[in-house]
Amino acid sequence: MDFWQVSTDRFIVGAHMSIAGGYHRAVERAAALGCDCVQIFTQNNLRWETRRVSTQEAKLFREALVRHQIVCPLVHANYLINLASPDGQLWRRSIRAFAGELRRAAALGIPWVVFHPGAATDGQLDRALSRVVRALNQTLETLPPNTQVGCLIEVTAGQGHALGSDLEQIRFLLAEISRPDRVGVCLDTCHLFAAGYPLAPASAYEQTTKLLEKTVGLARIKAIHLNDSRGKLGSRVDRHMHIGRGQLGLEAFRLIVNDKRFFGIPMYIETPKEKLQGQDMDQVNMKLLRSLVPPERASAAALPH
């Protein structure tokens, strides 16, 4: 079953979940919170381990998706990976780690791996972007021909030396990749805002979406992270906040979740994992987001065709 074949008029929202106890446990946690979709790490996100997915683990994961009617599973790559690194040893290690992410996603039946483009720690942006292109091409070209997995470049906040906060950089990467069918984009509302792209009011939102269309192309956007921002517009501060409790305001989220151009694109919250006043904030955030869309879109199940 293709878990990414979903009804295009539905609002599909979920959250990032822990894989503690097994990949299928992440699905169970997502279902318990009322998620439509789920994002996971395939291993510890801050360790250079090379975990392999067993046949049994993959079977349990896929069965859990069907049983709990969770769609659009997504992988987020390890945070240690830096495909832009000028350090040859770290660059090669990052390529191996990224290839491992793609292999694990393929084994689980997940078609996309979200990753940050990396950091130009030497300050040489052009060279850093070229290293990312070489790394991606090398990784994608070594995958078996029948491997149905690709990567989504995440727009970043631009904190430190991070690449990807300038949409022109994303456009360059998309244009240079040898397998364009295997590369797309993941938006992040916090990152876009912190990078200087306004998402409200409606006039500013439309200006930003037009720029997205011009640079990366809306058709290349395959996933969206819904996060409020601790930092102000253009602050380059990558700090996620609960929906409506940061600098974006609810209007930005109302505009994006009701934009017909994004209908059917899965959206995932990556807000702080905590309880406030006894309420799980993942549930609170998803309930608030669903309240921003018409009932017929918010309540209908986003089931595979």
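Author: Buried means under 20% relative accessible area, exposed means over 50%, and partly exposed lies in between. Keep that in mind as we look around this predicted model.

Reader: Thanks! Is glutamate 49 buried, exposed or partly exposed?

Author: Glutamate 49 has a relative accessible area of 27%. Buried needs a value under 20% and exposed a value over 50%, so this residue falls in between. Glutamate 49 is therefore partly exposed.

Reader: What is the N to O distance between arginine 179 and aspartate 181?

Author: Both ends of this pair are partly exposed: arginine 179 has 29% relative accessibility, and aspartate 181 has 46%. A salt bridge asks for a nitrogen within 4 Å of a carboxyl oxygen. The side chains of arginine 179 and aspartate 181 do meet in one, with an N to O distance of 3.2 Å.

Reader: Lysine 273 forms a salt bridge with aspartate 282. Is aspartate 282 buried or exposed?

Author: In this bridge the closest N and O atoms are 2.5 Å apart. Lysine 273 counts as exposed, because its relative accessibility is 52%. Aspartate 282 has a relative accessible area of 4%, so aspartate 282 is buried.

Reader: Which residues are linked in a network of salt bridges?

Author: By the distance rule, the count comes to 16 salt bridges. A network of them links Arg25, Glu28 and Arg67.

Reader: Where is lysine 260 placed?

Author: Lysine 260 is exposed, because its relative accessible area is 68%. From proline 73 it is 187 residues away in sequence and 22 Å away in space, C-alpha to C-alpha. Helix 8 (250-257) and strand 10 (267-269) have a loop between them, and lysine 260 is in that loop.

Reader: What is the radius of gyration of the protein?

Author: The protein has 10 helices and 12 strands. For 305 residues the globule rule gives 19 Å, and the protein comes close to that, so it is as compact as a globular protein of that length. Its radius of gyration is 18 Å.

Reader: How far apart are the mean positions of the positive and negative charges?

Author: The protein has 37 positive and 29 negative charges. The mean positions of these two groups are apart by 3 Å.

Note on methods:
Residues numbered from 1 in each chain as written. Predicted model: local features only at pLDDT ≥ 70, side-chain atom pairs only at ≥ 80, totals over all residues. Heavy atoms only, no water. Buried < 20%, exposed > 50% of the residue type's maximum accessible area, 1.4 Å probe, protein only. Helix = DSSP H or I, 4+ residues; strand = E, 2+ residues; numbered from the N terminus. Rg over C-alpha atoms; globule rule 2.2 N^0.38 Å. Lys, Arg positive; Asp, Glu negative; His and termini not counted. Charge placed at Lys NZ, Arg CZ, Asp CG, Glu CD.
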